[in-house]
Amino acid sequence: EFINPIEKQNDELEREIKQKKLKKIINPFILRRTKQEVAKDLPDLTETVRYCSMSEDQENFYEAEKSRFRNLMLENIEQNEKQKNNMLALQGLTKLRQIANHPLLVDEKSKISSGKFDEIISMLESLMAENHKVLIFSTFVKHLELFEEYFKSAKWRYSILTGQTVKREEVIDEFQNNEENKIFLISLKAGGSGLNLTSAEYVFIIDPWWNPAAELQAISRAHRIGQKNKVFAYRFICENTIEQKIVKLQDCLLYT
């Protein structure tokens with residue numbers, strides 16, 4: 001009755017009619033107020049896009065895979081197998097996103113370094129030295145695990161929350177209440193909403209997701225009622241990759 005006309009169909013008039021009808025029905029039961037309306041004294045939020053350069057070998061690997069997928073799709077078109085291209089395009093986009101993060105995500109034996117990984121570690125070293133707490137969100141659990149391996153070798157205290165985490169509340173409490181625990185690795189899907197993590201002042205979105213609302217929800221884990229410090233959110237984007245295309249798509253979704 002409501003979801004299809006409002007969210008899925010492209011009929012503006014029908015959407016407006018259904019939105020008004022739904023609002024009238026739920027109005028006696030639901031009071032919707034924005035964070036800004038109920039928390040006028042909420043500390044400032046600063047959002048920054050941090051552009052990262054790939055390492056030379058990483059860039060060569062990325063371009064080789066991009067060309068390989070493009071050629072496969074052209075072959076399918078020539079052979080009149082266009083339906084295969086939908087799945088192939090999805091596979092290619094996912095693989096290119098992974099390479100932009102770190103080549104190890106697609107090749108566990110790879111010796112290629114990641115420009116983004118090195119930049120994030122460099123920033124974390126500075127924040128750890130200044131005694132700040134950081135939330136690190138990724139859409140790829142394997143990406144989080146790469147950082148987890150580094151933190152173990154560096155003997156940094158951290159927490160991690162993914163879809164496989166069983167004792168969620170214990171993990172959250174450990175980060176919130178332990179001053180020595182400075183880093184929280186979080187899967188965007190598992191921890192993008194419903195968490196109160198106001199002990200953190202920094203939020204890292206280390207790879208972009210197609211839906212910008214998911215990233216805004218992640219940032220709101222720290223920038224919410226109860227936060228007493230300014231919050232700094234960083235989005236890490238690899239230059240000249242699919243990630244920049246995703247950012248453009250996000251802008252279209254946010255401002256149209």
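Helix 4 and helix 5 are roughly antiparallel to each other, a label given because their angle is over 145 degrees. Here helices (H or I, at least four residues) and strands (E, at least two) are DSSP runs, numbered from the N terminus. The model is predicted: local features need pLDDT of at least 70, side-chain atom pairs count only at pLDDT 80 or more, and totals for chains, interfaces and linings use all residues. Residues are numbered from 1 along each chain as its sequence is written, and side-chain values use heavy atoms, with hydrogens and water left out.

Stay with this helix pair for a moment. Two packed helices are described by the angle between their axes and the distance between the axes. Helix 4 covers residues 56-78 and helix 5 covers residues 82-101. Their angle is about 180°, and their axes lie 10 Å apart. Axes are lines fitted to C-alpha atoms, for helices over the stretch in contact, and angles run from 0 to 180 degrees between N-to-C directions. On the helix 4 side, the contact includes F61, Y62, F69, L72 and M73. Helix 5 brings residues including L88, A89, L96 and I99. Contact means heavy atoms within 4.5 Å. By class, the contact of helix 4 with helix 5 has eleven nonpolar, six polar and six charged residues. Ala, Val, Leu, Ile, Met, Phe, Trp, Tyr, Cys and Pro count as nonpolar, Asp, Glu, Lys and Arg as charged, and the others, Gly among them, as polar.

Two strands pair if DSSP finds at least two bridges between them.

Four bridges join strand 6 to strand 5, and the two run parallel. I205 has R235 of strand 6 as its bridge partner. Strand 5 (residues 202-205) also pairs with strand 2, in the parallel sense and over four bridges. There, I136 stands opposite F204 of strand 5. Strand 2 pairs in turn with strand 4 (residues 183-187), in the parallel sense over five bridges. V134 stands opposite I183 of strand 4. Strand 4 and strand 3 run parallel, joined by four bridges. I160 has L185 in strand 4 as its bridge partner.

What covers the strands? In a regular strand the side chains alternate between the two faces of the sheet. In strand 5, both faces are covered: Y202 and F204 on one side and V203 and I205 on the other are all buried. Buried means under 20% relative accessible area, exposed over 50%, partly exposed in between (1.4 Å probe, protein chains only). Strand 4 is mostly covered, with five of its five residues buried. I183, L185 and S187 point one way from strand 4, while F184 and I186 point the other way.

The loop between helix 8 and strand 4 holds N181. N181 is buried, with a relative accessible area of 0%. Leaving aside neighbours within four places in sequence, N181 is in contact with K133, R157, Y158, S159, E174 and F175.

One more helix pair deserves a look. Helix 6 (residues 115-129) and helix 7 (residues 141-154) pack at an angle of about 50°, with their axes 12 Å apart. That makes helix 6 oblique to helix 7: the angle is not under 35 degrees (roughly parallel), not over 145 (roughly antiparallel) and not 65 to 115 (roughly perpendicular). In helix 6, K116, F117, I120, I121, L124 and E125 meet H143, L146, F147, Y150 and F151 of helix 7. By class, this contact of helix 6 with helix 7 has eight nonpolar, one polar and two charged residues.

Two loop residues complete the tour. N131 sits in the loop between helix 6 and strand 2 (134-138). Phi of N131 is near 70°, a positive value in a residue other than glycine. K155 lies in the loop between helix 7 and strand 3 (158-161). Phi of K155 is near 60°, also positive in a residue other than glycine. At 74% relative accessibility, K155 counts as exposed.
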